[in-house]
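Hi,

Here is the structure I said I'd pass along. Have a look, and my notes on what turned up follow below.

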Amino acid sequence: MSVQSFREGWMQMFEQRRSPNMFLQRFFTLKPGGASNSKMVALDIQRFGEAVAVVVARGSGVNFNDLDIFTTKEFEPPQYGEGVSFDVNDLLERMVGVDPFSAAARPYAAQLMAYMVKGYSVINDKIVRGVELQAAQILQTGKLSLTDKDDAVRFDLDFKPKATHFPTVGTNWSNGASDKINDLGSLAEVIRKDGKVEPDVIILGRSALRNLLKDTSVKEFLDNRRYEVGTIAPQISARSGATRYGRITVDTYEFELWTYPDTYDHPNTGAPTKYIADDKVVMLSNQTRLDRVSARVPHPIGPDPRIASIMPGRLTSTAAGGNFDVTPNLYCTPNGKQVIGELESRTLLLPVQIDGFGCLDTEI
C-alpha cells in the first residue's frame, strides 16, 4: 500500500455490533418512586376479587367490607457492574479505523475520549441485555435465576406463580392432532380468572409459531368466509426487534401475535441463546402490572476530577435509556497511567401482577 493511499483517506473499518432491542423489558415500566437510595425495595400489594353484593334484610343494615388488608414484600435487586480500562501507553498505537498519518496528528485526549465513549456504550449494552434476560425468565417461568461469570447462581428469586399459569400441553404442538386453539383459550381463561385482566398479547417461540401457522385446523379457523377471527400479515418492528404476525381471536379474547428471535451470547459458553425458547408461548395483557425498580448504587464522590471532562455526557443521567438507573464512574490510577470507566446498576424487574400472565410449553 502506498503512502498516498493513506493520505487520501483510504483507511476504513468495519464494526460488527448489534445493540439490544429490549422488546420484553418494554412491558416492565418504571413507575414514579421506582428508583430509591436504599438497599431494599418494598412493594405493598392489595388484592380484591370479583365479589358481588348480596341482598340484606330490610332494616338490618349493610354488609361492611375491609379495605385495610394488604401485604408488604421486600426485594434486594441484583447488582450489575461492568468496566473498561485503558492504558495511556496504548495511545502510542494506532486505533482501529484511523490511518497512521491521522493517528499521529490526533491529540491524545481526543483518542482517549473516543475510546471511553465506545467502551461505555459497549458495557451499557451488556447491562441492558442482562435486564432483558430478567424479563425473559420472568415471563417464561415466573422466577429469576441469575448467574455470575463462573456460571454460579448469584441471584435466585421465586415470585411464587400458580402452576396453572405455566402449563405443558397435553399433546405436542408438533403433532397435528393437538388442539392449539383450545390450549390458548384455556390459558387465557386462567389468566382472566386469576389476574382479572383480559390477555391480549401472545409471544411465540420459533417452533411454536411454525407449528401454529402450519396446523390445518388453525388455517381453517382463520379462513372462515363468514366472519373474521384473525389475520396473518407479518410486520417487522425495527425498533423492538420483534415481528408482529397479525392477530387472532380465541373465544372472547383478541390477541396480537408476536415472535421475538433476538439472542444473547451465553456468558459461559458464548453460544447464541434465544430469550424466548423455541417451544414457548408467552401470554399477557397490555394492562398487566409489570414494574421496573432500581436501588441506586452509592457513589457520592463522583468521577475523578482529573478526567471528569471526558465523562460521556449522555451517561451523566441516572436514567440511561430512559428506563433504569445506571451509575457511571470514571477514575485513573495514582500515577495517571491507566483510566478506568465503570457502569453499575441495581435493577430488578418485578411481576407485580403475577397472575396477569402465563407461559405455555408446547412440547412435552
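First, a term: rings of Phe, Tyr and Trp (its six-membered ring) count as a pair if their centres lie within 6.5 Å, with planes under 30 degrees apart called stacked, over 60 edge-to-face and the rest tilted. By that rule, the structure holds eight aromatic pairs.

Before the details, some housekeeping. This is a predicted model, where local features need pLDDT of at least 70, side-chain atom pairs count only at pLDDT 80 or more, and totals for chains, interfaces and linings use all residues. Residues are numbered from 1 along each chain as its sequence is written, and side-chain values use heavy atoms, with hydrogens and water left out.

Now the pairs. F75 and F159 are tilted, at 6.1 Å centre to centre with 50° between the planes. F75 sits in strand β3 and F159 in the loop between β6 and α4, so this pair ties together parts 84 residues apart in sequence.

Y264 is buried at 14% relative accessible area, and Y275 is buried at 4%. These two also belong to one aromatic cluster with F23, F27, W258 and Y260.

Cheers

Conventions:
Helices (H or I, at least four residues) and strands (E, at least two) are DSSP runs, numbered from the N terminus. Buried means under 20% relative accessible area, exposed over 50%, partly exposed in between (1.4 Å probe, protein chains only).
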